[in-house]
Amino acid sequence: MSTAAAPVRTLRTGTVLADLLPASRVRDAALVLGGAALTGLAAQLSVPVPGSPVPVSGQTFAALLVGTALGARRGFLSLALYAVVGMAGVPWFAEASSGYAMPSFGYILGMLLAATVVGALARRGADRSVLRTAGTMVLGSAIIYAVGVPYLALATGMSLGQAVAAGLTPFLIGDALKAALAMGALPAAWKLVGRKG
């Protein structure tokens, strides 16, 4: 009886996790809809932050996960669908809100851009190791804040310093925890599918 380990399939760079499903337009549409729905559901996991119009929520983690797992194009489409449907009145933004006239809407625009960037990086293998995944999540979070914090300042009349204090600083510990989750989950998923091949 042989005790040799089963061969590990090498998955080429240029592939994201969603590409492991059989290719079709129906698959792509389902992934885009599913990514938007996941972001909307995760947004409902929200906790108000005293002194800030921006709650802590699961939507940023979902947006980065969707972008990384689906790739740039499908990630962009998922977050665009999430944004458009929410602007049209579906209450699936954080705290069951909707519309675009809220101070935190800039974060949603930032998530759209971040999902696209992390999806492009995932196609280059940025989600295959713990360190690369950490860097990808940090960059994605930085993009969200780079759009969301100035938007918050403009929407509320806060100074940039006040907007940083209200819309960035209280969220750093939570973002570190979300990055740690992604650092474990994404490389582990790749390792698992590599063994199943």
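User: Let's say a salt bridge is a side-chain nitrogen of Lys or Arg within 4 Å of a carboxyl oxygen of Asp or Glu. How many salt bridges does the structure hold?

Analyst: First, this is a predicted model, where local features need pLDDT of at least 70 and side-chain atom pairs count only at pLDDT 80 or more, while totals for chains, interfaces and linings use all residues. Numbering runs from 1 along each chain as its sequence is written, and side-chain values use heavy atoms, with hydrogens and water left out. With that said, the number of salt bridges is 7.

User: How far apart in sequence are the parts tied together by Arg74 and Asp19?

Analyst: Side chains of opposite charge can pair when their charged atoms come close. Arg74 and Asp19 do this as a salt bridge, with 2.7 Å between the closest N and O atoms. Helices here are DSSP runs (H or I, at least four residues), numbered from the N terminus. Arg74 sits in helix α3 and Asp19 in the segment before α1 (25-43), so the parts they tie together are separated in sequence by 55 residues.

User: Is Arg74 buried or exposed?

Analyst: The cut-offs are under 20% relative accessible area for buried, over 50% for exposed and partly exposed in between, with a 1.4 Å probe and protein chains only. Arg74 has a relative accessibility of 3%, so it counts as buried.

User: Which helix holds Arg123, the residue that Asp19 also pairs with?

Analyst: Asp19 has a salt bridge to Arg123 too, and there the closest N and O atoms are 2.5 Å apart. That pair ties together parts 104 residues apart in sequence, because Asp19 lies in the segment before α1 and Arg123 in helix α4.

User: Which residues are linked in a network of salt bridges?

Analyst: Asp28 and Arg27 pair up with their closest N and O atoms 2.9 Å apart, and both residues are buried. They belong to a network with the residues above, and its members are Asp19, Arg27, Asp28, Arg73, Arg74 and Arg123.

User: How is α3 oriented to α4: roughly parallel or roughly antiparallel?

Analyst: Axes are lines fitted to C-alpha atoms, for helices over the stretch in contact, with angles from 0 to 180 degrees between N-to-C directions. The axes of α3 (residues 72-87) and α4 (residues 105-123) come within 7 Å and cross at roughly 165 degrees. Under 35 degrees counts as roughly parallel, over 145 as roughly antiparallel, 65 to 115 as roughly perpendicular and the rest as oblique. That makes the orientation of α3 to α4 roughly antiparallel.

User: How many nonpolar residues does the contact of α3 with α4 have?

Analyst: Contact means heavy atoms within 4.5 Å, and the residues making it include Phe76 and Leu79 of α3 and Ile108 and Leu112 of α4. Ala, Val, Leu, Ile, Met, Phe, Trp, Tyr, Cys and Pro count as nonpolar, Asp, Glu, Lys and Arg as charged, and the others, Gly among them, as polar. Besides 3 polar and 2 charged residues, the nonpolar count is 13.

User: What about α5 and α6: what does their angle make them?

Analyst: Helix α5 (residues 130-156) packs on α6 (residues 160-167) with the axes 8 Å apart and an angle of about 120 degrees. That makes α5, relative to α6, oblique.

User: Which residues is Asp175 in contact with, leaving aside its neighbours within four places in sequence?

Analyst: Asp175 belongs to helix α7 (residues 172-196). Its relative accessible area is 12%, so Asp175 is buried. Neighbours within four places aside, its contacts are Thr60, Ser141 and Tyr145.

Conventions. Helix = DSSP H or I, 4+ residues; strand = E, 2+ residues; numbered from the N terminus.
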